Amino acid sequence: KHLNQITNAYSQCEQFGSIFPWICNLYEACRDYSLLSEMNIFIIQQIMNLLGIKAEIFRSSHLPLSGKSSEYNLAIVKYLQGTHYLCGIGSNHYQ
């Protein structure tokens, strides 16, 4: 279903023919994942590799932190020695 949606949305784009097989292979490689979070991390890592982005991915569930909503987000930023937290507009209700 996703691949059909991607085709419908992007098939007229100039680079579609060169990137779509890569996307199909990516989806095929995800068949063995039982958790959506694991699949998402794998896909993000593959996109980072494709774009040459070298950054570490942290799973908040593996960090020694606690708290709720904004308090938890602040704890993550501080733990990772960050200075800013960026989020989408849709998160206003829990931030």
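**View 1. Helices α2 and α3 cross with their axes within 11 Å.** The axes of α2 and helix α3 (residues 36–51) meet at roughly 145 degrees. Here helices are DSSP runs of H or I with at least four residues, numbered from the N terminus. Axes are lines fitted to C-alpha atoms, for helices over the stretch in contact, and angles run from 0 to 180 degrees between N-to-C directions. The crossing of α2 and α3 is right-handed; a crossing has this hand if the near helix is turned clockwise from the far one by less than a right angle, and is left-handed if anticlockwise. From α2, the residues I19, W22, L26 and A29 make the contact, and from α3 the residues F42, I43, Q46, I47 and L50. Contact means heavy atoms within 4.5 Å. By type, the residues of this contact of α2 with α3 comprise eight nonpolar, one polar and no charged. Ala, Val, Leu, Ile, Met, Phe, Trp, Tyr, Cys and Pro count as nonpolar, Asp, Glu, Lys and Arg as charged, and the others, Gly among them, as polar.

The model shown in these views is predicted: local features need pLDDT of at least 70, and side-chain atom pairs count only at pLDDT 80 or more, while totals for chains, interfaces and linings use all residues. Residues are numbered from 1 along each chain as its sequence is written, and side-chain values use heavy atoms, with hydrogens and water left out.

**View 2. Residues W22 and A29 belong to helix α2.** W22 is partly exposed because its relative accessibility is 26%. In this scheme, buried means under 20% relative accessible area, exposed means over 50%, and partly exposed lies in between (1.4 Å probe, protein chains only). When residues up to four places away in sequence are not counted, W22 touches Q46, I47 and L50. From W22 to A75, 53 residues apart in sequence, the C-alpha to C-alpha distance is 37 Å. A29 has a relative accessible area of 40% and is therefore partly exposed. The C-alpha atoms of A29 and M39 are 9.2 Å apart, and these residues are separated by 10 residues along the chain.

**View 3. Helices α1 and α2 pack at an angle of about 170 degrees.** Two packed helices are described by the angle between their axes and the distance between the axes. For helix α1 (residues 2–10) and helix α2 (residues 16–29), the axes are 11 Å apart. The angle makes α1 roughly antiparallel to α2. Angles over 145 degrees count as roughly antiparallel, those under 35 as roughly parallel, those from 65 to 115 as roughly perpendicular, and the rest as oblique. The crossing of α1 and α2 is right-handed. Helix α1 contributes H2, L3, I6, T7 and Y10 to the contact, and helix α2 contributes F16, F20, I23, C24 and Y27. The residues of this contact of α1 with α2 are divided into eight nonpolar, two polar and no charged.

**View 4. Residue H2 of helix α1 has a polar contact with Y27.** The side chains of H2 and Y27 are joined at 3.4 Å. A polar contact is a pair of N or O atoms within 3.5 Å; within protein, one must be able to donate a hydrogen and the other to accept it, and residues adjacent in sequence count only if both atoms are side-chain atoms. H2 counts as partly exposed because its relative accessibility is 47%. H2 and Y85 are 83 residues apart along the chain, and their C-alpha atoms are separated by 30 Å.

**View 5. Residue Y85 lies in the segment after α4.** The side chain of Y85 makes a polar contact of 3.5 Å with the side chain of N73. Their C-alpha atoms are 7.7 Å apart, and the two residues are separated by 12 residues along the chain. With a relative accessible area of 41%, Y85 is partly exposed.

**View 6. S69 and Q81 have positive phi values.** Most residues other than glycine have a negative phi. S69 lies in helix α4 (residues 69–79), and its phi is near 40 degrees. S69 is partly exposed, with a relative accessible area of 38%. Q81 is found in the segment after α4, and its phi is near 60 degrees. Q81 is exposed because its relative accessible area is 72%.

Methods:
Helices (H or I, at least four residues) and strands (E, at least two) are DSSP runs, numbered from the N terminus.
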